[in-house]
Amino acid sequence: MIHRRPTRKVTLGDAAHGFVSIGGDAPVSVQTMTAGYTHEIDKCIAEIHKLAAAGADIVRVAVPEKKDTAALKEIIPAVKVPIVADVHFHFQRALEAIEAGVHKIRLNPGNINDRAQVKDVIQACKARKLPIRIGVNEGSIVERKDKQKRLKELGGVFSDDKHGHFLAIMITKLEEYLEIFHEEDFHDIVISAKSIDPLLVISAYQEISKRFDYPLHLGVTHAGPKETGTIRSVVPLGHLLASGIGDTVRISYANDSVYEVQDGLELMYILGLRDRIGAELIACPTCGRIQVDLYTLTQDVRKKLAAEIKLPIKVAVMGCIVNGPGEAEGADVAIFAGDRRGIIYVQGEKVANVPEEEILDRLLKECRDFEDKIRRGEAKLGEKKVAILPPDPIGELGSGWEKIEKDKRGTRLPVVK
Ligand code: SF4
């Protein structure tokens, strides 16, 4: 059980888009950002719909130009999820986005730092009760306009303590920026301190969480392609969340943002921070004992479950009898494969023994039937009825117990006890 750090709570949204709270006792929300141009209105609306359907609680859009903030007037009424405007360089874009009905603003102290301009944005948000995220990204905190100041700030980069140097700049800039908000008595604030360096991300959020009680938006900036970005993101975010730090997350990949949402939600599920929606899939990695095409089967099962099952049914796809029976006992619905066949179990009871080409359809049918039984109150998730004890049904598969027993001497197959 994770004990989350107490924070203030901010709320964004409205009746038409739903309300999402960040911090306090609110569940950790998952957000993402559109990849297309905001001024391409129809495409932007379609992308927001797609991300919301994938489970995004909040969607952020970039508004670099006036035509983007103008587009928000048509986009916001057409979508059903709270929208955040990501503002860089031009405080006017923030004011226009607020006027267009956006639900939250993101400001970067690295490029919108004129006190009077920031105060204008704060007052506009205050009037409409909109929260503001202050995002101190490593990549944009170093001074850009004043060359002398920039050289001084960059000086530490060439020292031995680059990490501590950037951390110090991040905290200093954040404190300076927060002063402006405090002068306006504005506290509907969310803070982020992203970096491409996962260790700096951990240190930055740990330090900020000690100093401020504002909710924190976690993220690793420019984490790269999904193949490597997953590890780069999930290591620091998982570490922080497991220690109770973090109130909303955005995983960022150079890929379709749907993956960001899916992985963000999975991170919440496995940490027990959100109730799972949809099936949980367990699958074996396969090894030299495999006698069916388990990779294809697992991918097909994953896609079908995502499309068809809404309740958190635990499904196991196991390649053989070595771990198969144990997992079949723990899962609600399970298949363990043998010699071009698969035996299917529902809560410990064997319901089918089918050839490989029928496994997918039969497994899905059993999942759908089991979901219906739960909805009718005839079954309960996670309830195990019958223990599966070898050697039954392993002999039925032609690759199991009998074969192992027979080959026990002088073979590479393990002796299963
Ligand atoms: S379940 Fe069987 S096939 Fe899959 S990894 Fe374990 S031993 Fe190998």
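**Questions on the fold and the ligand shell**

Author: The model is a predicted one. C287 has 10 C-beta neighbours inside 10 Å and therefore counts as exposed.

Reader: How far apart are the C-alpha atoms of C287 and G319?

Author: Along the chain, C287 and G319 are 32 residues apart. Both are listed with the closest residues around the ligand. Their C-alpha atoms are separated by 8.2 Å.

Reader: How many residues surround the ligand, and of which classes are they?

Author: The ligand has twelve residues around it, and C284, C287, G319, C320 and V322 are the closest. By class, the shell consists of seven nonpolar, four polar and one charged residues.

Reader: What is the order of the strands in the sheet that contains β11?

Author: This sheet is open, has five strands and shows mixed pairing. Its edge strands are β11 (280-283) and β15, each of which pairs on one side only. Neighbouring strands are turned by 15 degrees against each other on average, direction ignored. The order is β11-β12-β13-β14-β15.

Reader: In which sense does β13 pair with β12, and in which sense with β14?

Author: Strand β12 (residues 314-318) is joined to β13 by four bridges in the parallel sense, and A316 has A334 as its bridge partner there. Strand β13 (residues 333-337) is joined to β14 by five bridges, with A334 partnered by Y345. The pairing of β13 is parallel with β12 and antiparallel with β14.

Reader: Which residues of β14 point one way, and which the other?

Author: In a regular strand, side chains alternate between the two faces of the sheet. Strand β14 (residues 341-346) is mostly covered, with six of its six residues buried. One way point R341, I343 and Y345; the other way point G342, I344 and V346.

Reader: Which residue takes a positive phi in the hairpin of β14 and β15?

Author: Strand β15 (residues 349-355) runs antiparallel to β14, and six bridges join the two. One of the facing pairs is I343 with N353. Two residues lie between the strands of this hairpin, and the positive phi, near 45 degrees, belongs to Q347.

Reader: Which residue has a positive phi in the turn between β13 and β14?

Author: β13 and β14 also form a hairpin, in which three residues lie between the strands. In that turn, a positive phi of about 60 degrees is found at R340.

Reader: At what angle does helix α11 run to β12?

Author: Helix α11 (residues 294-308) lies across β11, β12 and β13. Relative to β12, the helix runs at about 165 degrees.

Reader: Why is one side of β8 and of β9 left without a neighbour in the eight-stranded sheet?

Author: The open sheet of eight strands has parallel pairing and the order β8-β7-β6-β5-β4-β3-β10-β9. β8 (189-192) and β9 (217-218) stand at its edges, so one side of each is left without a neighbour because each has a single partner strand.

Reader: What covers the buried residues of α10?

Author: Helix α10 (residues 257-270) has 14 residues and reaches 20 Å from its first C-alpha to its last, close to the 20 Å expected. Its buried residues include V261, L265, L267 and M268. The cover over the buried residues includes β3 (29-33), α1, α9 (226-242) and β10 (248-249).

Reader: What percentage of the residues in the chain is buried?

Author: The chain contains 14 helices and 15 strands. Of its 417 residues, the buried ones make up 41%.

Key. Residues are numbered from 1 along each chain as its sequence is written. This is a predicted model: local features need pLDDT of at least 70, side-chain atom pairs count only at pLDDT 80 or more; totals for chains, interfaces and linings use all residues. A residue is near a molecule or strand if its C-beta atom, placed from the backbone, lies within 6 Å of it. Ala, Val, Leu, Ile, Met, Phe, Trp, Tyr, Cys and Pro count as nonpolar, Asp, Glu, Lys and Arg as charged, and the others, Gly among them, as polar. Two strands pair if DSSP finds at least two bridges between them. A residue is buried if 20 or more other C-beta atoms lie within 10 Å of its own, exposed if 12 or fewer, and partly exposed in between; C-beta atoms are placed from the backbone. Axes are lines fitted to C-alpha atoms, for helices over the stretch in contact, and angles run from 0 to 180 degrees between N-to-C directions. Two residues are in contact if their C-beta atoms, placed from the backbone, lie within 7 Å. The expected span of a helix is 1.5 Å times one less than its number of residues.
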